[in-house]
Amino acid sequence: MSTASAWEAYLRQARWFGGKGLAASVTAIEPMPWYTAPGQWPAVRSEIARISYADGRIEHYQLLVAYLAPGSAPAGLPVGRTTLPDLGDVEFVDAPAYPPAMTALIGALLTVPPAGMDWLDTAPVDAAAAMRLFTGEQSNTTVMVGDATLFKLFRKLEPGRNLDAEVLRALSGSGITPDLYGVLDAGGYDLAMFCQRVQGVTDGWLHATAACAAGTDITAECRQLGVELADLHHRLATAFGTAELPGSELAGAMLRRFDAAADQVGELEDYRQAAQLLFGSAGSGSVATQRVHGDFHLGQVLYREADHSWVIIDFEGEPLKSLAERRELDTVWRDVAGLLRSLDYARSAHPDPDGHAAREWCAQASEAFLDGYAGQHREEPALLRAYQLDKAVYEVVYEMRNRPDWAHIPWRAVQDEARRVSLNPPAPTDKEQ
């Protein structure tokens, strides 16, 4: 099996590969300079895989590759075998899955950092610490470096600054996000970053789904999450600035996203009229825009039970969008809608997700979150409803491609909103918040 074929087989089962289910092939692999010293084993470097799709699209993914002497890799781990001019016959593996490779890599970055390694603080980073791969659902790859540090490897690459690293650099020390320790770049790409591993926290998704399954009230936590999201938005506006956007442009962008989604999932055409009405409600006046999280959901927050606070993580935006799209300023309601959609997903953990108890749990948690974000005397903007449908349509496409067994959740939301539009069409306002 060729090197490209071996990586193709690996990519098809990799959680972080966005092309699963599509006709795609590895058409080139470009090696970067070695991180490790000559003669050091494992030998580690980044390699950029060129992925070609049947529709003509090209994407680039980072492979962090560890090369080992034949027969030295643990059983079941090797991706393949090859011969390299400077190493001879070798086995190669995905380095994040092989702790000795991560030890070698981080040791090299600390002792002889390449030109693209920008360290802000090396003190928390320990190459001798235990390395453990995070195996949850991610569009990148995270390795836990002991108790203090996370190494995050960016997989799908686009030229320019990585949004997550950019935000953490701006907000380090705030306590609302992890601190940034360093960023690795090469060839015009941000390749990886080191950041704080926050202690004493629970994944927000696990916290919420466990509560829903048990019927436990989490309104206090959700209200506090709303407060902290509002704080985050204030900090992002201060760090990156604000602007205004004609509502007609926002409505047009939502309609274009709907068209693109309907091209991929034809059944969405049945809901075009509802989408046009709801998205059209955003077309009056202007809207305030700023840098936002972009992919805000329960999996992007960590709950600290000791003081009932939250830490917000992962600022790269929705994985199906281009970097240019994710970098665009947006309204804060995108993030608010994302969390509301996530609570609807969490509802599915209930023994009877469509029963009254599950619906009431979700409604109360959602209301508390909105109260925390916008205050007790808020009025729900029509724009928020538009963003919720926009997000649900995006989720339909994502789930149909990646997790078909979950697709009923966003479909339920699309259908519910269509019924709501037919009974209570949204009234546009002169200017949304």
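Trainee: Why is the crossing of H4 and H9 called right-handed?
Mentor: A crossing is right-handed if the near helix is turned clockwise from the far one by less than a right angle, and left-handed if anticlockwise. H4 passes H9 in the right-handed sense. This is a predicted model, in which local features need pLDDT of at least 70, side-chain atom pairs count only at pLDDT 80 or more, and totals for chains, interfaces and linings use all residues. Residues are numbered from 1 along each chain as its sequence is written, and side-chain values use heavy atoms, leaving out hydrogens and water.

Trainee: Which residues make the contact of H4 with H9?
Mentor: On the H4 side they are Trp205, Ala208, Thr209 and Cys212, and on the H9 side Ser342, Tyr345 and Ala346. Contact means heavy atoms within 4.5 Å. By class there are 5 nonpolar, 2 polar and no charged residues. The classes are: Ala, Val, Leu, Ile, Met, Phe, Trp, Tyr, Cys and Pro nonpolar; Asp, Glu, Lys and Arg charged; the others, Gly among them, polar.

Trainee: What makes H4 oblique to H9?
Mentor: The axes of H4 (residues 204-214) and H9 come within 9 Å and cross at roughly 45°. That angle makes H4 oblique to H9. The cut-offs are under 35 degrees for roughly parallel, over 145 for roughly antiparallel, 65 to 115 for roughly perpendicular, and oblique for the rest. Axes are lines fitted to C-alpha atoms, for helices over the stretch in contact, and angles run from 0 to 180 degrees between N-to-C directions.

Trainee: Where do the axes of H9 and H11 stand in distance and angle?
Mentor: The axes of H9 (residues 333-346) and H11 (residues 382-402) come within 8 Å, crossing at roughly 55°. H9 is therefore oblique to H11. The H9-H11 crossing is right-handed. Among the H9 residues in the contact are Trp333, Arg334 and Tyr345, and among those of H11 are Leu383, Tyr387 and Glu399. By class this contact has 9 nonpolar, 2 polar and 6 charged residues.

Trainee: Why are H7 and H12 called roughly perpendicular?
Mentor: The axes of H7 (residues 272-280) and H12 (residues 408-423) come within 9 Å and cross at roughly 65°. H7 and H12 are therefore roughly perpendicular to each other. H7 passes H12 in a left-handed crossing. Ala274, Leu277 and Leu278 of H7 meet Glu417, Ala418 and Val421 of H12. The contact comprises 5 nonpolar, no polar and 1 charged residues.

Trainee: How do you know that E4 and E5 pair?
Mentor: Two strands pair if DSSP finds at least two bridges between them. E4 (residues 80-84) and E5 (residues 88-94) have 5 bridges, in the antiparallel sense. One of the bridges links Arg81 to Glu91 in E5. The two strands form a hairpin, with 3 residues between them.

Trainee: What makes E6 and E7 edge strands?
Mentor: The open sheet of 6 strands has the order E6-E11-E12-E9-E8-E7, with antiparallel pairing. E6 (117-119) and E7 (131-133) each have a single partner strand, so one side of each is left without a neighbour in the sheet. From one strand to the next the twist averages 20°. Inside the order, E9 (residues 149-153) pairs with E12 (residues 189-196) over 5 bridges, and Leu150 has Cys195 in E12 as its bridge partner.

Trainee: Which helices lie across strands of that sheet?
Mentor: H2 (residues 99-111) lies across E6, E7, E8, E9, E11 and E12, at about 120° to E7. H3 (residues 163-171) lies across E6, E9, E11 and E12, at about 145° to E11.

Trainee: Why is the chain called as compact as a globular protein of its length?
Mentor: The chain has 12 helices and 17 strands; helices (H or I, at least four residues) and strands (E, at least two) are DSSP runs numbered from the N terminus. The radius of gyration is 23 Å, close to the 22 Å that the globule rule gives for 433 residues, so the chain is as compact as a globular protein of that length. The radius is taken over C-alpha atoms, and the rule is 2.2 Å times the number of residues to the power 0.38. Along the principal axes, the C-alpha atoms fill a box of roughly 70 × 50 × 45 Å.
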